[in-house]
Amino acid sequence: AVAALGQAAFANLRVDPDDFVRSVELIEEPAAGQDAPLTRSVALSMAEKFLGAQARFEQGELHLAGHLIPTAGRRTITINYPGPAGTFPRVSLCDFLSAARAGRADHLERWVSGKAVLLGKDMIDDRHATPFYTLSPGLRANTAGVEIHAAALSTLLTRRYLQEAPQPARFAALFAPSAATAAVAATLG
């Protein structure tokens, strides 16, 4: 559908049942015997361009630049947010164009040299709850869509993937504090 619309990648965000954005679908599902290129998310498409390598499925696993992307169901990754809204540096397009027109190459270089650059709006109609959501009013309560895509891109480029802990480790993490609390309560009782 994305290619039919003349687009290079899909920008839809995956919202969990509680309306938080925690993960991103990276690539469309390959159909049996599909020869056409698979449509990518904004984050995966930009990571491919930035790294100069194309993501590939190898034995059912997704790889990028020789590294495994540990995906969950539906070819998704959990976004490893580096911080709350406003964490990524931003420059208004107006300031960028003004600097370009004035010939201030030093400003332009400082803003974009060696960096992946995303263009997007930061408007109230495109802000979403993330794990850094706060109840405080204002723009830092939730995160702009473009910054969510930037966090997903950062996760892919840094390869700092969040993965679900194995079931025994999750049980141990629940049991150990419970046992400690019970022991303290028993000795103080």
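This is a short talk on a few local features of one predicted model.

Some ground rules come before the details. Residues are numbered from 1 along each chain as its sequence is written, and side-chain values use heavy atoms, with hydrogens and water left out. Because the model is predicted, local features need pLDDT of at least 70 and side-chain atom pairs count only at pLDDT 80 or more, while totals for chains, interfaces and linings use all residues.

Helices (H or I, at least four residues) and strands (E, at least two) are DSSP runs, numbered from the N terminus.

Let me start with a pair of helices. Two packed helices are described by the angle between their axes and the distance between the axes. Here the pair is helix H1, residues 42-51, and helix H4, residues 145-158. They pack at an angle of about 45°, and their axes are 9 Å apart. That makes H1 oblique to H4. On the terms: axes are lines fitted to C-alpha atoms, for helices over the stretch in contact, and angles run from 0 to 180 degrees between N-to-C directions. Angles under 35 degrees count as roughly parallel, over 145 as roughly antiparallel, 65 to 115 as roughly perpendicular, and the rest as oblique.

The crossing of H1 past H4 is right-handed. A crossing is right-handed if the near helix is turned clockwise from the far one by less than a right angle, and left-handed if anticlockwise.

Which residues of H1 and H4 meet? From H1 there are Val42, Ala43, Leu44, Met46, Ala47, Phe50 and Leu51, and from H4 there are His149, Ala152, Leu153, Leu156 and Leu157. Contact means heavy atoms within 4.5 Å. The residues of this contact divide into eleven nonpolar, one polar and no charged.

Two strands pair if DSSP finds at least two bridges between them.

Going through the pairs, S4 is joined to strand S5, residues 61-64, by three bridges. Phe57 has Leu62 in S5 as its bridge partner, and Glu58 stands opposite Glu61 in S5. S5 and S6 also pair over three bridges, and the partner of His63 in S6 is Leu68.

Both pairs are hairpins. S4 and S5 have two residues between them. Is Gln59 buried or exposed? Gln59 counts as exposed, at 83% relative accessibility. Buried means under 20% relative accessible area, exposed over 50%, and partly exposed in between, with a 1.4 Å probe and protein chains only. S5 and S6 likewise have two residues between them, and Ala65 in the turn has a positive phi of about 55°.

A further positive phi, near 55°, is found at Arg159, again a residue other than glycine. Arg159 sits in the loop between H4 and helix H5 (167-188), and is partly exposed at 43%.

Last, some loop residues. Thr130 is in the loop between S8 and S9 and counts as buried, at 1% relative accessibility. Leaving out residues up to four places away in sequence, Thr130 touches Phe20, Val21, Tyr81, Thr143 and Ile148. Asn142 lies in the loop between strand S8 (127-128) and strand S9 (143-144) and is buried too, at 18%.

Leu13 is in the loop between strand S1 (9-10) and strand S2 (23-25). Apart from neighbours within four places in sequence, Leu13 is in contact with Val21, His128, Gly145, Ile148 and His149. Leu13 and Ala185 are 172 residues apart in sequence and 46 Å apart in space, C-alpha to C-alpha.

How values were computed: Ala, Val, Leu, Ile, Met, Phe, Trp, Tyr, Cys and Pro count as nonpolar, Asp, Glu, Lys and Arg as charged, and the others, Gly among them, as polar.
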